[in-house]
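Please open the structure in your viewer and keep the selection tool at hand.

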Amino acid sequence: MNPKLAAPDPTLAPVEADIDALLKQGRPIRHEFADGGRLHIDRPLPFLCVYIGSDHTAAFDAASANASYLIAPHPRLASQVARLVAMKMFRQCGAFLIIDIGELSIDRFLTDDAPFLPPFEIALATGNTAQEKAALKRFAAAAAEREVKYRTPRVCDLNLAEWQGPQLSDVLGKIPCLIVRFAPIYRMTGDNGVYPALRDLVVSNIVDSTLQAVSAFLEASKLPSPTTHRSLGRRVFIEAVARADRDIDKVASAFDFLLAVTPINSEQGYLEFEANGFQRMPTLLYRPLPFDVSAEKRKLYSVSLDHLEDPLLAGLLSEKQQELDLQLSMLASRETSRFAELGRALYGNVEPDLAVRAGRILNNVAVAKRKAGAKSLSADAVAAAAREMIARYSAACPDFKASVEIRADLPAGLLVSRNRLLVSRNTSVPPERLMALLSHEIGVHLLTYFNGETQGLSMLRNGLAGYEGMQEGLAVLAEYLVGGMTATRLRLIAARVLACQAMLDGATFEETFRILKDDFSFDCPAAYNVVLRVFRGGGLAKDAIYLRGVLQVLHHLRNGGSLTPFWVGKISAAHFGAIEELRTRGLLRAPRFEPAFLSSQVARPRLKKAMAGMDPIDMIST
């Protein structure tokens with residue numbers, strides 16, 4: 001490539017000024033052209049994805065999903081801007097590749113008599129340099145190997161002589177260029193409809209293959225290539241992403257799901273249950289909802305995810321949108337049979353293997369008997385210790401601003417609600433369990449809330465869809481690491497699994513209570529507390545996630561995984577890959593807070609043991 005290209009059209013002086021500001025000051029480019037085009041570059045990069053046209057096609061989405069792209073309504077603007085960007089970035093990066101992305105006019109492999117869905121066409125063309133050929137080869141391999149659900153790509157050469165569309169390569173001179181054209185398989189035959197899921201798969205395939213092609217181009221140019229091609233992706237949240245995240249957060253912040261489904265008269269409920277000989281479920285009372293469910297749903301789905309330009313972030317926001325919708329539906333169905341079925345959709349069934357593991361714990365871990373007269377810590381003592389731990393985190397970083405409240409309207413125990421730690425007035429904690437309890441609630445739940453708050457996305461503070469299982473798994477691991485996992489606690493976690501299974505299988509409150517009391521030797525108050533949690537709201541399957549989550553964490557550690565990515569915010573095991581990608585792209589900061597318990601002398605050997613492989617039963621402190 002010749003860096004001394006002819007001077008661009010003087011009308012592009014503002015674009016040149018934007019590029020200079022990017023190179024000298026690090027200011028991202030978001031330049032809108034008068035005729036509808038756009039240039040977006042979030043940092044100096046050795047490539048530019050170009051889409052020529054005004055239609056919002058999948059090719060448009062594939063180009064604009066990148067960190068460096070140009071949307072141009074006509075070839076003249078495309079060539080002028082592309083040449084200018086290439087000239088400037090070549091001097092900065094030492095090499096530069098233009099990827100011209102478009103769609104074929106027809107899906108020529110699809111026929112009416114095809115018994116199965118045939119492959120679809122991806123056609124490629126490039127110049128004769130070794131670097132361009134390396135990019136084409138890597139793109140072809142990546143696209144062909146991509147796992148697809150509907151139709152498999154078939155990569156072939158693009159015959160430029162037969163191509164009737166704009167040919168950007170004709171006016172680029174010696175600037176390296178890779179031309180990508182793919183069949184519009186996401187369009188419905190005979191009308192203007194599209195298959196949205198198929199469109200998303202095609203876009204994802206093209207984006208990933210494009211970044212791999214750029215990585216190969218850099219290798220062939222004898223320049224440092226990225227550790228992973230994903231690090232070439234976006235590092236700046238555009239305003240549309242920030243706005244959608246804020247708007248979804250407003251809905252999420254309008255209610256506290258767990259508080260809304262937690263009875264406010266649990267202690268009175270036990271007395272009523274005891275008075276009727278444990279034969280009839282007590283009357284449970286709930287807080288009135290301080291919002292209109294239908295209104296919140298309208299707000300939720302008024303949030304548009306159509307122009308976020310980042311398929312990964314759009315997917316995460318869409319998942320959160322669906323989860324909030326399900327939670328709102330559950331709140332509207334509180335104290336009805338529909339609540340439990342919606343909860344099944346949110347938390348899933350109890351897997352047979354999980355139930356077997358829970359039963360094994362209950363059958364093999366002996367019931368621990370507390371010594372007569374053994375002391376317990378009151379709610380005031382627990383709250384004081386919690387404030388001390390929060391103060392230590394705050395001393396390290398003032399951003400850790402959490403409050404502690406003692407409440408009379410909660411069942412015995414602790415509950416985190418955003419940046420608040422709620423302590424039930426009825427809480428009574430054995431001294432040997434205090435550090436485990438605080439590490440669970442403060443060292444995991446509150447810590448990931450504040451870490452998520454620093455990431456620039458509210459959904460990492462409030463939790464990605466399905467985050468609760470991993471959160472509780474990490475929190476249970478924390479109890480073990482500080483030496484506070486007792487036989488009583490592990491049996492309680494296992495009992496929650498079997499109680500959830502019984503509830504989902506149709507058992508009543510009283511029947512589930514008797515299973516725990518008669519079959520697994522729980523005393524009446526303990527059995528009641530487990531069953532109360534499982535039947536709250538009308539039947540909540542959430543409590544199976546504790547054992548499921550800790551098994552996921554132990555599996556992750558046994559396979560060499562690190563805990564660090566899980567501290568960036570509230571994420572699920574399913575999102576580990578997404579978080580790693582956002583981290584490599586520079587969109588996520590390192591966690592501001594690390595759990596204090598990880599650096600303790602007690603935790604280090606225990607964590608080493610967990611990494612070597614262990615069963616939950618092995619977590620009991622002796």
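**A tour of charged pairs and a surface patch**

Glu-309 is buried, its relative accessible area being 11%. Select this residue first, and bear in mind that the model is predicted.

The side chains of Glu-309 and Arg-30 form a salt bridge, with an N to O distance of 2.9 Å. This pair joins distant parts of the chain: Glu-309 is in the loop between helix 9 (293–301) and helix 10 (311–332), while Arg-30 is in strand 1 (residues 29–32), 279 residues apart. Arg-30 counts as partly exposed because its relative accessible area is 36%. Now extend the selection to Glu-32, Arg-38 and Arg-234, which are linked with Arg-30 and Glu-309 in a network of salt bridges.

Lys-250 is exposed at 58% relative accessible area, whereas Asp-247 is partly exposed at 26%.

Select Asp-615 and Arg-357 next; the closest N and O atoms of this salt bridge lie 3.3 Å apart. Asp-615 belongs to the segment after helix 22 (603–612) and Arg-357 to helix 12 (residues 352–364), 258 residues apart.

Finally, select Leu-110, Leu-117, Tyr-150 and Leu-201, which make a nonpolar surface patch of about 340 Å². Leu-117 is in the loop between strand 5 (97–103) and strand 6 (120–126), and is exposed, with a relative accessible area of 52%.

Terms used
Residues are numbered from 1 along each chain as its sequence is written. This is a predicted model: local features need pLDDT of at least 70, side-chain atom pairs count only at pLDDT 80 or more; totals for chains, interfaces and linings use all residues. Side-chain values use heavy atoms; hydrogens and water are left out. Patches are made of residues with over 30% relative accessible area and no salt bridge: like charges are joined within 9 Å, nonpolar side chains (Val, Leu, Ile, Met, Phe, Trp, Tyr) within 5 Å. Accessible areas come from the Shrake-Rupley method with a 1.4 Å probe; for residues, only the protein chains shown count as cover. A salt bridge is a side-chain nitrogen of Lys or Arg within 4 Å of a carboxyl oxygen of Asp or Glu. Helices (H or I, at least four residues) and strands (E, at least two) are DSSP runs, numbered from the N terminus. Buried means under 20% relative accessible area, exposed over 50%, partly exposed in between (1.4 Å probe, protein chains only).
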